Amino acid sequence: MLKYSTYRSIYNETPEAVSTRRSSVSDHTNPSVKNIKAIIKKARIVLKQQDVFKLMIVLLLIISGFTVVSQVFASSASSPQQEKRIVVEPGDTLWSIALKNKSSDMRTVVYIDAIKRHNHLSGSDIQAGDILSIPVYK
């Protein structure tokens, strides 16, 4: 027999050691119940991870929404580099003028708003012969 061993037999214990050792309910439970408890514990961890994942998705959607909104209003906030003067022809509208003169990456509605602000127009009424100052964005 080995002189130094980490093995301890339950049969070599003294009666006092056996009586002082506390027995818990989990010592006497069915091993399948222990497995079920372990599975439930792992499931709770996974559910918490899924909640974190859902929260991250929601935050990502909110941030991307703010990014889209800021890009829409960013084009109206930039200042024009130059301006061009045009004479309104018969049949011209602010929409047709904006389509001819706006940059390709700018929305037509935003450009029309810039034309109105630049010329101090309160509405969309323009007359043939009017001279408009058109902002030029680069």
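Guide: Let us begin with confidence, expressed as pLDDT, the predictor's confidence in each residue from 0 to 100. The protein as a whole averages a pLDDT of 77, and 69% of the residues score at least 70. This is a predicted model, in which local features need pLDDT of at least 70 and side-chain atom pairs count only at pLDDT 80 or more, while totals for chains, interfaces and linings use all residues. Residues are numbered from 1 along each chain as its sequence is written, and side-chain values use heavy atoms, with hydrogens and water left out.

Visitor: Why is aspartate 92 called buried?

Guide: Buried means under 20% relative accessible area, exposed means over 50%, and partly exposed lies in between (1.4 Å probe, protein chains only). Aspartate 92 has 18% relative accessibility, so it counts as buried. This residue is found in the loop between strand E1 (82-87) and H3.

Visitor: What makes the pair of lysine 100 and aspartate 92 a salt bridge?

Guide: The term requires a side-chain nitrogen of Lys or Arg within 4 Å of a carboxyl oxygen of Asp or Glu. In this pair the closest N and O atoms are 3.8 Å apart, and the salt bridge is assigned. Lysine 100, at a relative accessible area of 61%, is therefore exposed.

Visitor: Which residues is aspartate 92 in contact with, leaving aside its neighbours within four places in sequence?

Guide: Taking contact to mean heavy atoms within 4.5 Å, aspartate 92 is in contact with Val87, Ile97, Lys100 and Ile126 once those neighbours are left aside.

Visitor: Why are aspartate 113 and arginine 117 separated by about one helical turn?

Guide: They are four residues apart in helix H4, which means a separation of about one helical turn. Aspartate 113 is partly exposed, with a relative accessible area of 36%, and arginine 117 counts as partly exposed at 44%.

Visitor: What makes a group of residues a nonpolar core?

Guide: Such a core is a set of buried Ala, Val, Leu, Ile, Met, Phe, Trp, Tyr and Cys residues joined through side-chain atoms within 4.5 Å. The largest one here has 15 residues, of which Leu94, Ile97, Tyr111, Ile115, Ile126, Leu132 and Ile134 touch the most other members. H3, helix H4 (108-118) and strand E2 (131-136) each supply at least two residues, and the largest share, five residues, comes from H4.

Visitor: How do you know that histidine 120 is exposed?

Guide: Its relative accessibility is 73%, and histidine 120 therefore counts as exposed. Histidine 120 is found in the loop between H4 and E2, and its phi is near 55°, a positive value in a residue other than glycine.
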